[in-house]
Structures are given as structure tokens and as C-alpha cells.
Amino acid sequence: MLKNLCLKTPRKKAEFIRKKLFALGILDHKRKIVSDAKNVYLPIKNSKTTEAKKFGRLTEKRTKTQKREPRSIATLLRHKLTKRELALLKSSYDSFGEVVVVEVPKGLVKKEKMIGQAFLNLHKKLRAVFKKTGPVTGDYRTRKLKRIAGTGGSETTYKEHGCTFQFDLTKVFFSPRLATERDIIARQVKPKEVVVDMFAGAGPFSILIAKKQPLVKKIYAIDLNPDAVRYLKLNSLLNKVGEKIEAISGDAPSIINKKLNGTADRVIMNLPRSPKNYLPTALKALKKKGVLHYYTFCSTEEEVRQRIGESLRGKTFRIRSIRNVKPYSPEEYCFAADIYISKK
Ligand SMILES: C[S@@+](CC[C@H](N)C(=O)[O-])C[C@H]1O[C@@H](n2cnc3c(N)ncnc32)[C@H](O)[C@@H]1O
């Protein structure tokens, strides 16, 4: 530890003086601030001692070097990867609590362990880093992952808008990029409403709604994937909303036809891959008047309007809003539309 000239200041004044010294370029931010019961010792740049004396008495103190954390993976790897490799690095990744999921481009596969380790070094609370090994596929909309650093499996606990979700990243669909969208929907739900979440997954829409609108009457949360329903039930309990949510395992159209015809004030259709196939059943689930939250992959807002117009031809409806939720492919985005429906 080095001895450093520090400005001795009473604890009460320390924050005010620190800000002043910082603003005037007097504070040596490469050294750590030290303190005792009464005083704080602010490290001073050697070249600024005259200016510093105006604020109080200078004294010598042992101070540690301030370790400045690198702010990005690229910074951390700048001496380990070539310029070409650095250009390939993806800056975005999905964070799920103690686990992150990254994309490793083909040209970086040989460096994937190093990249994974860099994430662990940058984010000290991370347990594991997984890479995507394929696209989201199948009816359950899941994807395969491979652990490239850290320990343990792909089950994680993730927090969003004050709710806790537990799930296995390889067994159920879950996208943190939909967090804002879920909040937008939950804020629209009114007391006494009945909601049908047709493609509920591990429950992020249903659970946030139940939390944000505790006066909701009932939420029927359906999913075809038994693992999703298992986590949905667990997450309802974790978030203490089990009484409001009925988790149902199975095919949404069959379940709606069997027991949910004309029951819903609001239907969430979060299956953007094929909304058209499910629209007739979603309409069946609605009461005479209701709201449909429709998701689709399209290139433009105009295309979304056109698609909805064609699918709902002959029906009385009004599109209240359309949102571009997230990119899906180089040419397409996931769009959300809030549609107000009146049935004859
Ligand atoms: C895009 S994910 C959305 C999950 C969830 N809403 C979320 O935001 O995380 C679509 C979900 O629909 C489910 N699914 C697909 N076809 C279904 C069907 N016919 N009936 C019910 N659920 C279905 C899948 O298992 C998957 O969990």
C-alpha cells in the first residue's frame, strides 16, 4: 500500500468536499478513500496540493489502488482477441439472474471458453454462461444451450418487476426482452376482469397481472408444454398468486372449446409464430366485448394492420395500439397489437 497525501475532513462534510474536489480535478480517483471513526481522508493528486489546502489540512495516509472494473466484455478481451475477432463479438446477451445466455458467432467458437470466463470475471455474481446452439423451435418454442463457463445446470431464478420466476432455460420459453411488454399489458387489466393467457409458458404475463392487479377475478393460464405448466404452478406459489391463477396443461383451442367459451374480458395470444391459426378460438374465449392482445412477426406496422384486417374481416373491432416489441430476424420484428372486439 502506498502513502498518499490526503485531505482530512470530518465525516459530516466529507461527501460535500469530495464532490467539490472531484469537480475541480483535485481528487486522485486512482486511489481509494480511507476513513476512521471521525474523519474521512480524500486522496489528492500530487500536482494539486496547493488547491487542496484551501479545503483543509493535508496528511499522509496509506491508500489502496482503486481497481476500476472493465465495463464491457470487449474491453476485457481487447488484448486477448484480434481486431477481427473483437468485431465479431455480440454486445447484447440475455440475463437471467445468475445465468446469462450469449450468442457465439462461428468465427469465435474456438474462443468461447475465454468469452464465457470474461462474463464471469465481469459480473461477479454470475454462476454460469450458456451459449445458444440453435434457434427457438417446435411447438414448445424452446432452444438448445451449451454451458461455456461456470457451473451447474440451466435452471435459474430470475426477477422481473418484483416477481420471481424459476424455470429451466432449455425446457421452457422465456424472454427477458418482453419485460416492458408484460408491464404494458398488466397495467391495462381492470378489477374483476377474467383473463385467458392462451400461451402462458412459465407464467410471466399471468403472474405479473395477478401481482399488479390483485382485484382481477381469475386468470386461466394455458400451455401445451407440461414443463412450462409445472413451472407456472411453482411460480404462482412463489409469487403468492396461486388463488388467482388456474394453470391448465394442454392445447389452448381444445381447452377453450371445452370450458372457456365467452368467459374472458381479455385474451393474451403470445404465440407470434402463428396467431392466425388461433384467432377463431381467441374470439370464442372473449365475452361480447373484450380486448385481444395479439402478437405477430412482421416487417412493418402497416403489415400488422393489414394482417389483422384480413383475419378479422366482417368483425367489429378497433386497433387501439401497435407496438414494436423486439427484433426477431434481420427483416422482421415481434409486434404487439391491442385490439378491442365487439361480438354480435
Ligand atoms: C412464445 S412462448 C410464450 C410463453 C410466455 N407467454 C412468455 O412470455 O414467456 C409460446 C408458448 O405457447 C405454448 N404453446 C404452443 N402451442 C400451444 C397450444 N396449441 N396451446 C397452448 N400452448 C401452446 C408453448 O409451449 C410456449 O410455452
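Hi everyone. Let me start with a word I'll be using: a residue is buried when its relative accessible area is under 20%. Keep in mind that what we're looking at is a predicted model.

With that cut-off, C298 counts as buried, because its relative accessibility is 0%. C6 is buried too, also with a relative accessible area of 0%. So what about disulfides? A search of the whole structure finds zero of them. Take C298: the closest cysteine sulfur belongs to C334, and at 9.7 Å that is too far for a bond.

Now to the nonpolar cores. The largest one has 41 residues, and F167 and I209 have the most contacts inside it. Helix α7, residues 204–212, gives the largest share of this core, with five residues. Which residues does I209 touch, leaving aside those up to four places away in sequence? They are I185, A186, V189, V195, V216, I219 and I268. There is also a second, separate core of 33 residues, and C298 is in that one, along with residues including L286, L292 and L312.

Let's finish with a helix pair. In general, two packed helices are described by the angle between their axes and the distance between the axes. Helix α6, residues 179–188, packs against α7 at an angle of about 45°, with the axes 9 Å apart. The two helices are therefore oblique to each other, and α6 passes α7 in a right-handed crossing. On the α6 side, the contact is made by E181, R182, D183, I185, A186 and R187. On the α7 side, P204, F205, L208, I209 and K212 make the contact.

Thanks, everyone!

Key:
Residues are numbered from 1 along each chain as its sequence is written. This is a predicted model: local features need pLDDT of at least 70, side-chain atom pairs count only at pLDDT 80 or more; totals for chains, interfaces and linings use all residues. Side-chain values use heavy atoms; hydrogens and water are left out. A nonpolar core is a set of buried Ala, Val, Leu, Ile, Met, Phe, Trp, Tyr and Cys residues joined through side-chain atoms within 4.5 Å. Buried means under 20% relative accessible area, exposed over 50%, partly exposed in between (1.4 Å probe, protein chains only). Helices (H or I, at least four residues) and strands (E, at least two) are DSSP runs, numbered from the N terminus. Contact means heavy atoms within 4.5 Å. A disulfide is a pair of cysteine sulfur atoms within 2.5 Å. Axes are lines fitted to C-alpha atoms, for helices over the stretch in contact, and angles run from 0 to 180 degrees between N-to-C directions. Angles under 35 degrees count as roughly parallel, over 145 as roughly antiparallel, 65 to 115 as roughly perpendicular and the rest as oblique. A crossing is left-handed if the near helix is turned anticlockwise from the far one by less than a right angle, and right-handed if clockwise.
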